[in-house]
Amino acid sequence: MTGWNCPHCAQTLHKHERTYRCEAGHCFDEAREGYVNLLPANRKRSREPGDNREMIEARKRVHAAEVYRPLAQEIAVRLAEWLPASPRVLDLGCGEGYYSGVLLQRLADMSLWGIDIAKPAVRLAAKAHHRGKFAVASAFAVPLPDASLDGVFTVFAPASDAELARLLPPGGLYLNVCPAAGHLWELRQQLYAQPRPHREEVAALPGLVLESQDSVEFAVTLAPELLEDLVAMTPYAYGGERESKAQLSALGEFKVQMAFLLQRYRREKVA
Ligand SMILES: C[S@@+](CC[C@H](N)C(=O)[O-])C[C@H]1O[C@@H](n2cnc3c(N)ncnc32)[C@H](O)[C@@H]1O
Ligand SMILES: [Zn+2]
């Protein structure tokens, strides 16, 4: 059975009552909401690493309004098709667990782990999805054993090549979901004098082979408050011209194109 590893010494953590402990005696208490914080304080680069509370709250509202539902459904359908029965899956950079939640609903026999470096996000994920196992941890030092997963996925979140290759056995699946060129195009037109399309990139990942790249596109019509939340949860929160941002609330209902790439990689099989 796959379980969390100690972030200090990489030995298996055994759970007794509400405490996880390794053979070397490192221990970690389970939080009230059911997650465990496996991010050692000395590995935090800031006091509150990852997305901040405002971004997390904005994203929570956008996900509650199911703005990304067609994407989540597509991810669930694809993963059900590409993964073996009773798959062990990691949602890397899971945020508040929106995609984890949709997957847990659709794949009844799945075991799901989710990690994110932002504690407030993991707290929400654990609170909402009791069947998932959530931890505060870095994507660059994932506290799970080697070759312990059938699949890993990221939705707009960072990943480490070395960790992906370590976590997946030969034939294991990695799904990277990222924005396609036309993503939020109308919004970028509003925010920038000279908007540019997203640059589409296919990363070469050592030990993994790209098997397919599919696009998912749909349009959504957003009320002004949701449009502001969408801006707050994306990199546009930091960019764009101030006056154009202020004008967004005056736009009324706003139709915007959502466009994504689903990049499917497989861990190479050893000859
Ligand atoms: C754009 S959000 C996506 C969240 C979620 N996948 C979703 O789409 O709703 C990116 C997430 O990656 C997390 N993150 C950033 N750096 C990270 C790292 N080094 N390790 C783990 N998570 C990280 C952030 O805290 C944030 O929750
Ligand atoms: Zn230990």
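Is leucine 38 buried or exposed? At 2% relative accessibility, leucine 38 counts as buried, where buried means under 20% relative accessible area, exposed over 50%, and partly exposed in between (1.4 Å probe, protein chains only). The legends below take this residue and others in turn.

This is a predicted model, in which local features need pLDDT of at least 70 and side-chain atom pairs count only at pLDDT 80 or more, while totals for chains, interfaces and linings use all residues. Residues are numbered from 1 along each chain as its sequence is written, chains are lettered from A and ligands numbered from 1 in the order in which they are written, and side-chain values use heavy atoms, with hydrogens and water left out.

**View 1. The zinc ion (ligand 2) and its four donor atoms.** Here you can find Cys6 (SG), Cys9 (SG), Cys22 (SG) and His26 (ND1) coordinating the zinc ion (ligand 2) at 2.1 to 2.3 Å. Donors are N, O and S atoms within 2.8 Å of the metal (3.2 Å for Na, K and Ca); water is not among the atoms, so sites may look incomplete. The angles among the four donor atoms run from 101 to 120 degrees, and the site is tetrahedral; four donors count as tetrahedral if all angles lie between 85 and 135 degrees. For comparison, the ideal angle for four tetrahedral donors is 109.5 degrees. Along the sequence, the donor residues follow the spacing C-x2-C-x12-C-x3-H. Cysteine 6 is buried, with a relative accessible area of 3%, whereas cysteine 9 is partly exposed at 28%.

**View 2. Asparagine 5 and the annotated span at residues 5–47.** UniProt places the feature "domain: 23S rRNA (guanine(745)-N(1))-methyltransferase N-terminal" (unreviewed entry) here; its positions are given in the numbering used here, feature names are shortened, and annotations may be inferred rather than shown by experiment. The span is 0% helix and 26% strand, and its end C-alpha atoms lie 23 Å apart. Helices (H or I, at least four residues) and strands (E, at least two) are DSSP runs, numbered from the N terminus. Asparagine 5 sits in the segment before E1 and is buried, with a relative accessible area of 9%. A polar atom of the asparagine 5 side chain lies 3.3 Å from the backbone oxygen of alanine 10. This is a polar contact, meaning a pair of N or O atoms within 3.5 Å; within protein, one must be able to donate a hydrogen and the other to accept it, and residues adjacent in sequence count only if both atoms are side-chain atoms.

**View 3. Ligand 1 and the residues around it.** There are 19 residues around ligand 1, and His63, Gly93, Asp116, Ala139 and Val155 come nearest; a residue is near a molecule if one of its heavy atoms lies within 4 Å of it. Look for an oxygen atom of ligand 1 at 2.9 Å from an N or O atom in the side chain of histidine 63. The side chain of aspartate 116 likewise has an N or O atom 2.7 Å from an oxygen atom of ligand 1. Valine 155 takes part through its backbone, with an N or O atom 3.0 Å from a nitrogen atom of ligand 1. Taken alone, ligand 1 exposes 590 Å², of which the protein buries 87%; accessible areas come from the Shrake-Rupley method with a 1.4 Å probe.

View 4. Most residues other than glycine have a negative phi. Phenylalanine 156 is partly exposed, at 39%.

**View 5. Leucine 38 and phenylalanine 134.** Leucine 38 is in the loop between strand E4 (36–37) and helix H1 (53–64). Its C-alpha atom is separated by 10.0 Å from that of phenylalanine 134, although the two are 96 residues apart along the chain.

**View 6. Leucine 92 and glycine 97.** UniProt lists "domain: Methyltransferase" (unreviewed entry) at residues 89–172, a span with 31% helix and 23% strand whose end C-alpha atoms are 10 Å apart. Leucine 92 lies in strand E5 and is buried at 1% relative accessibility. The C-alpha atoms of leucine 92 and valine 152 are separated by 6.9 Å. Glycine 97, in the loop between strand E5 (88–92) and helix H3 (98–106), is buried at 0%. Glycine 97 and alanine 121 are 7.8 Å apart, C-alpha to C-alpha.

Methods: Tetrahedral: all angles 85-135°; square planar, octahedral: opposite > 155°, others 65-115°.
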